[in-house]
Amino acid sequence: MSADVSDLSLVRRVQRGDKGAFDALVLKYQHKLVKLVMRYVRNPAEAEDIAQEAFIKAYRALPQFRGDSAFYTWLYRIAINTAKNAVVSRDRSPIEYDLDRHHSDESYDLQGRMKDSETPEGLVLTDEIRTTVNAAIDALPEDLRTAIVLRELEGLSYEEIAAAMDCPVGTVRSRIFRAREAIDRRLREVFEGGLGRAEELG
Amino acid sequence: MPRKLRASGRLCSLALAVAVSGGALADEVARAPAQWLERMNQALNTRNYDGTFSHWHGGQVEMLRIIHRVQDGTVSERLASLDGSGREFIRTGASLACYLPDKRTVLVEQRPAQESLVGFPTVNDQTANFYDVREVGRTRLNRRDTHIITVSPKDEYRYGYRLWIDDTTAMPLKTQLCDPHGRVIEQIVFANLTLPARIPDSAFRPEVSTDGFQWLRNGALPPGPQAASLAWNAMRLPPGFRMTVRSAQVLPGSATPVDHLVFTDGFASVSVFVEVQQGQAQPSAVAQSAAVGSSSAYSTVIDGHKITAVGEVPPATVQFIATQVKAQDPAAGAAAPRR
Amino acid sequence: MNEELDSQLSAMFDDELPTAECELLARRLSRDEQLKARWGRYAVVGAVIRAERGVRLNAPLAGRISAVLLAEPSLESIPTAALRRPGMRWWQPLAASGLAAGVAAVSVLWLRTQAPVSAPVTAQLAPASGLHVGALLPARAAGSAQGDSYVVPPTPQIVPVVVPSTELANYVVAHSMFSSPVARRNLLSAFMTSEPAAAPPEEAQSDAKKAAR
């Protein structure tokens, strides 16, 4: 289990007045949080609004964060509550889930796996980012690719990856770093190329 | 005589039949809502089911999953929070375990092998004195045909319910708990529900890993007569409540045995736990009140004993019952002497 | 870019950097926009690998939040509640003068961590003197009362203090076995999802911290 040291050093800085440290926490967790919120609202723009609200709430509640749980666990709960309350206040209350299938064997299922509710605007660039990253990963030497996939997809610690790949922990750290370097070289172009292409205005 | 009322057309013709044939059919019609409650309880107690539901209370909603199986007379049940806390309640036969990952603790309570069924609230003729049970309509809920049954309390000592009971399975697809003024204070709605013929044992294992957790189990009762030597009871009770169970046990994490009394009015139930007060009770702060969702708890110290009442009733009711509990000493005709 | 620094950044992103270096790097990260941008791109890579479909990978979310925070008060003047108030009670009174009966109390459930009892209990039930097996005092027979002889208790003067919550958790579970199935599900659902209202007392806090690590 992660010791959460990284998040806690950032959290402590925020608690001492350093707002820039909070940016780093947002950057790290924004996708996960939006993904989580999209369990409750399917529109990505609305999900982003709710995620934003959740982050702000977390910032304001940070003085009460004691470190008893991991920061992300705490943030996660705030996000769920924010999402649910947003849905409840938007619809009639309390929540009712619509079921859209009726089986004769007395069973019925929750509506919809979460579809890729892509809206045309804003996701072309997302596709480009995704393609770039995937291509870069495919181009990696196998040991680098394995290391970063085990880390990001399986969530294994360096020690676990070292055991899986039968190499020292230091090598794992180096491989993951080099994988990121290689991917980042290509990704930077998308983000920085041509007047901040990747960052939408407003 | 039809056991179920199926369509409003039929209801009309039955109503006519009532007018013509008199008493017996009228009783049948009047009993039907209570029968739905019995069928519902039967379904909840005896069928296998697996579902996800939302639990709404105090403006907050949580999702939970429930899996219930009856196999060879043994009940297995698992209730898991799907929203972050990771808490789970798993019952296998007589053993109840609460997994509390956010507290890194597991509470394990071993119930007596032969748990008396007398303790469960059962809807009967007496219940009608304190609750008004009616079917107020039929509706399609999530494409299922349901009966809407309301259970309205006749006084402020108890809560009311509105239940949407599935016509085919008698499962409560939607449940509202209402205060005596009819305001909804808690709601459960199933998002999905299946009634499988078989559920594997693996469905009743906790999702959380318990490495490093502390385990609190209930201990053995001390030898010799215990519950028998203490006759605790409530001197007065809210109307309709009667004692149905008395037992003694040592609860997990505790060192002292506790008497457990159960009072029920046929629909709601209240447990009273009596134990010897440990240490000095703060003189200024003996009465304590708490809530778990819509259920109420009240704790007080009387004659050196800590008395806690817990039940799905309004706060005033648990407080009333708790403060009425005394030890009986018929020989002396007085309450237990002060320690 | 300084390769050593970027290597540290990568390790910190994975929470694999020792504390001391984390502290230093955190300070640098908060101020260095380029370092922050790189950190942000690491997060994007992770999102792509996890195929988090439907999520915008170029959303201006972080920028918007940063802008909102500019207007927020900085937190340094706000004391971190629990750490600064050692004598704090488990939960706050709901009203200045105490709980009124009938007010739905905030769900409270917090475990006091304590050593598990494994030895057999040998304590005697007390007091034993003066108490005998007795006939139950008959409760008022169901249906006989009009209800008018029972007086609803007046609003109590309760001092809302500590609920000895290991016991409450136990009581809830023990009671749940005697509720009707519907009530039981309500009760246990609430129990599964209840949150503590305020900080636990000191000894539980340090135990919890120890246990969490």
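Along its sequence, chain C of this predicted model follows the pattern α-α-α-α-α-α-α-α. Chain A reads as α-α-α-α-α-α-α-α. In chain B, strand β3 pairs with strand β2 and is also joined to strand β4. The largest nonpolar core has 92 residues, and another core, of 73 residues, lies apart from it.

**Chain C**

- The secondary structure of chain C consists of eight helices and zero strands.
- Chain C has 213 residues, of which 39% are buried.
- Among the contacts in chain C with a separation of 6 or more, 66% link residues 24 or more positions apart.

**Chain A**

- Eight helices and zero strands make up the secondary structure of chain A.
- Chain A has 202 residues, and 38% of them count as buried.
- Of the contacts in chain A with a separation of 6 or more, 56% are between residues 24 or more positions apart.

**Nonpolar cores**

- In the largest nonpolar core, of 92 residues, those with the most contacts inside the core are Phe263(B), Val272(B), Ala297(B) and Ile321(B).
- Helix α7 of chain C, spanning residues 181-193, supplies the largest share of this core, with seven residues.
- Apart from this core lies another, of 73 residues, which includes Ala21(A), Val26(A), Leu75(A) and Ile148(A).
- Leaving aside residues up to four places away in sequence, Ile321(B) touches Ala234(B), Leu237(B), Phe263(B), Val270(B), Val272(B) and Ala309(B).
- Two of the residues touched by Ile321(B), namely Phe263(B) and Val272(B), are themselves listed with Ile321(B) among those with the most contacts inside the largest core.
- As general background, nonpolar side chains in soluble globular proteins tend to be buried together.

**Strand pairing in chain B**

- Strand β2 (residues 60-71) and strand β3 (residues 74-81) of chain B pair in the antiparallel sense, over eight bridges.
- Val70(B) has Val75(B), in β3(B), as its bridge partner.
- The hairpin of β2(B) and β3(B) has two residues between the strands, and Asp72(B) takes a positive phi near 50 degrees there.
- Strand β3(B) also runs antiparallel to strand β4 (residues 88-92) of chain B, to which five bridges join it.
- Glu77(B) has Arg91(B), in β4(B), as its bridge partner.
- As a general point, side chains in a regular strand alternate between the two faces of the sheet.

Key:
Residues numbered from 1 in each chain as written. Chains lettered and ligands numbered in written order. Predicted model: local features only at pLDDT ≥ 70, side-chain atom pairs only at ≥ 80, totals over all residues. Helix = DSSP H or I, 4+ residues; strand = E, 2+ residues; numbered from the N terminus. Buried ≥ 20, exposed ≤ 12 C-beta atoms within 10 Å, placed from the backbone. Contact = placed C-beta atoms within 7 Å. Core = buried A, V, L, I, M, F, W, Y, C linked by C-beta atoms within 7 Å. Pairing = 2+ DSSP bridges.
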